[in-house]
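Hi everyone, thanks for making time for this one.

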Amino acid sequence: WGGSVISERSIMATTLRPGADAANDMVKQFSWYFYRHIRERNIPEIQSMYEVSWAKLSDRYYKTGPWPPVEQIAEIVDNDHVFCLLYKELYFRHLYARCTPTLQQRIDSYTNYMDLFGLLLTSNVNMQLPNTWLWDIIDEFLYQCQSFCQYRGKLSTKTAEELQALAAAGDAWDVTQVLNVLQALVDKSGISAELEADGGAAFCASEGFVPGQSNVLRMLGYFSLIGLLRMHVLVGDFQSGLKAVFPINFNDPRAPIYTPKIVGSHITLLYYSGFSYMMLGRYLDAARVFNSALAYISRVKQYHARSAQYDQILKRNEQMYALLACVVGLCPAAAKSVDENVATQLRDRNADKIARMGRGESAVHDELFTYACPKFITAAPAYDNPSVNTSQQAFRTQLGLFMAEVRSQSGLPQLKQHLLLYSSIDLQKLASIMEIDESTLRQQLMCLKAKSWNVKWTHGADATQGVSTNAADIDFYIDTDPTTGRESVVVSDSPSQHQRQHADFLVRQICKLEEVIASVSAAPVVAPAARPVAV
């Protein structure tokens with residue numbers, strides 16, 4: 001990018017002084033070296049300063065307060081416009097993490113993001129940044145948008161001056177504007193066409209770096225696909241969220257995908273896509289996605305124990321186990337998509353709750369959903385009615401939709417328990433046992449049949465694609481006696497499915513045993529030391 005030649009005057013010949021002066025001197029030296037490495041495209045050094053040095057300086061000097069404003073370091077970095085925008089992005093991120101931002105600071109952060117993205121969209125900024133930083137930029141941008149909408153939604157706690165300032169903020173953190181910026185990054189980067197060309201194989205192999213080119217716009221476009229998924233989910237548009245993430249093929253384990261190399265991006269992708277599937281009633285797909293996410297976290301979390309993201313990783317892990325319990329409670333057949341290790345952890349955490357859901361206790365679904373769902377937002381504020389908490393209203397709307405689906409199945413667990421006791425039972429007798437009339441029983445039988453069918457993804461990068469699949473753990477039909485005309489329910493609990501499930505379990509155990517035998521056989525046998533022979 002543009003800027004004057006770096007001169008040695010930028011490194012101050014200082015002796016570190018105590019207190020604020022020492023902090024300011026360290027920040028100036030840090031900023032100059034950071035600026036120099038970005039100018040030189042020294043990715044390892046940039047990543048080290050971004051992930052290690054920034055965090056250490058923050059903990060040492062600015063643990064409870066903000067970093068110095070950009071004006072204090074602008075001259076050190078030759079007033080470089082791009083670097084100043086990047087510094088301010090880090091400044092506001094630290095402010096959100098360690099302090100409580102004011103309304104004006106929230107607006108200033110939004111303005112800085114718009115300036116940064118506008119520059120990248122309209123200019124040829126020829127620089128390279130670590131992909132982890134580029135993901136964090138998109139992730140923080142959406143977090144701050146979500147935080148502002150939550151802040152704006154609590155109008156009843158605001159003074160008249162604050163309400164007036166909010167109304168005067170215009171389109172700051174407007175949901176439509178945020179979606180438009182993300183879509184512009186996707187379009188400008190050309191990432192969709194690049195991924196569609198070969199399924200993302202070349203992109204994953206190069207990790208977004210092309211010799212002589214900048215990786216910034218390409219990677220921001222890639223991560224913006226995940227950002228669009230997240231934003232659509234937050235406003236309750238789950239179908240559009242799954243559409244937006246195309247052409248990232250996260251459903252096919254054999255497809256090349258870059259997100260697993262950056263933990264936060266992969267967990268975000270799977271959490272929001274799995275949640276979307278659950279809200280759309282596609283429980284088989286939701287269980288498969290949550291299983292993939294939980295298995296992934298189990299593999300990688302040990303490597304991030306000292307990371308700043310570790311607490312967030314663990315929280316998402318617990319939330320997805322709660323959502324998986326909801327899915328299994330609504331569709332027991334979904335448990336067949338879960339790996340043995342994940343199933344064991346699920347039982348350890350939620351066995352009692354799954355059993356209670358199996359008995360038709362809808363309060364458990366309410367509890368798990370409330371704990372594990374995203375923090376929903378509303379697209380428009382209600383300044384004309386300050387007494388309304390729009391953020392809580394958005395949550396209540398989504399909870400109401402989910403619980404309506406739960407209540408529609410509330411009588412089915414009891415019905416299935418009775419059906420499993422018989423191979424055939426008279427319809428009238430079954431209604432008598434359940435203490436309901438025949439017409440209500442017919443409705444429940446029809447509901448059970450209808451809920452037994454799920455749309456399931458089969459192939460391709462389109463996450464909304466799928467075919468209707470029978471997900472019943474019990475099969476039945478109504479037969480009429482030709483002589484008496486009496487109707488009876490004939491039950492089949494799909495023995496072939498149970499046999500296949502047991503066979504898969506036995507095969508997995510046999511393979512594990514063979515691996516143990518092979519490792520033991522391969523171990524070198526150490527001969528015992530020879531005893532000295534007595535003369």
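Let's start with helix H12, residues 263-279, and helix H13, residues 283-300: their axes come within 8 Å and cross at roughly 160°. Angles over 145 degrees count as roughly antiparallel, so H12 is roughly antiparallel to H13. Keep in mind as we go that this is a predicted model.

Which hand does the crossing of H12 and H13 have? It is left-handed. If you'd like to click along, H12 brings Val263, His266, Ile267, Leu270, Tyr271, Ser273, Gly274, Phe275, Tyr277 and Met278 to the contact. From H13 come Tyr283, Asp285, Ala286, Val289, Phe290, Ser292, Ala293, Tyr296, Ile297 and Val300. Sorted by class, the contact of H12 with H13 has 15 nonpolar residues, four polar and one charged.

Now, on to the other pair. Helix H14 covers residues 310-330 and helix H15 covers residues 340-358; their axes come within 9 Å, crossing at roughly 50°. H14 and H15 are therefore oblique to each other, and the crossing here is right-handed.

Who meets whom? On the H14 side we find Asn317, Glu318, Tyr321, Ala322, Leu324, Ala325, Cys326, Val328 and Gly329. Facing them in H15 are Val342, Gln345, Leu346, Arg349, Asn350, Ile354 and Met357. That contact of H14 with H15 divides into ten nonpolar, four polar and two charged residues.

Note on methods: Residues are numbered from 1 along each chain as its sequence is written. This is a predicted model: local features need pLDDT of at least 70, side-chain atom pairs count only at pLDDT 80 or more; totals for chains, interfaces and linings use all residues. Side-chain values use heavy atoms; hydrogens and water are left out. Axes are lines fitted to C-alpha atoms, for helices over the stretch in contact, and angles run from 0 to 180 degrees between N-to-C directions. Helices (H or I, at least four residues) and strands (E, at least two) are DSSP runs, numbered from the N terminus. Angles under 35 degrees count as roughly parallel, over 145 as roughly antiparallel, 65 to 115 as roughly perpendicular and the rest as oblique. A crossing is left-handed if the near helix is turned anticlockwise from the far one by less than a right angle, and right-handed if clockwise. Contact means heavy atoms within 4.5 Å. Ala, Val, Leu, Ile, Met, Phe, Trp, Tyr, Cys and Pro count as nonpolar, Asp, Glu, Lys and Arg as charged, and the others, Gly among them, as polar.
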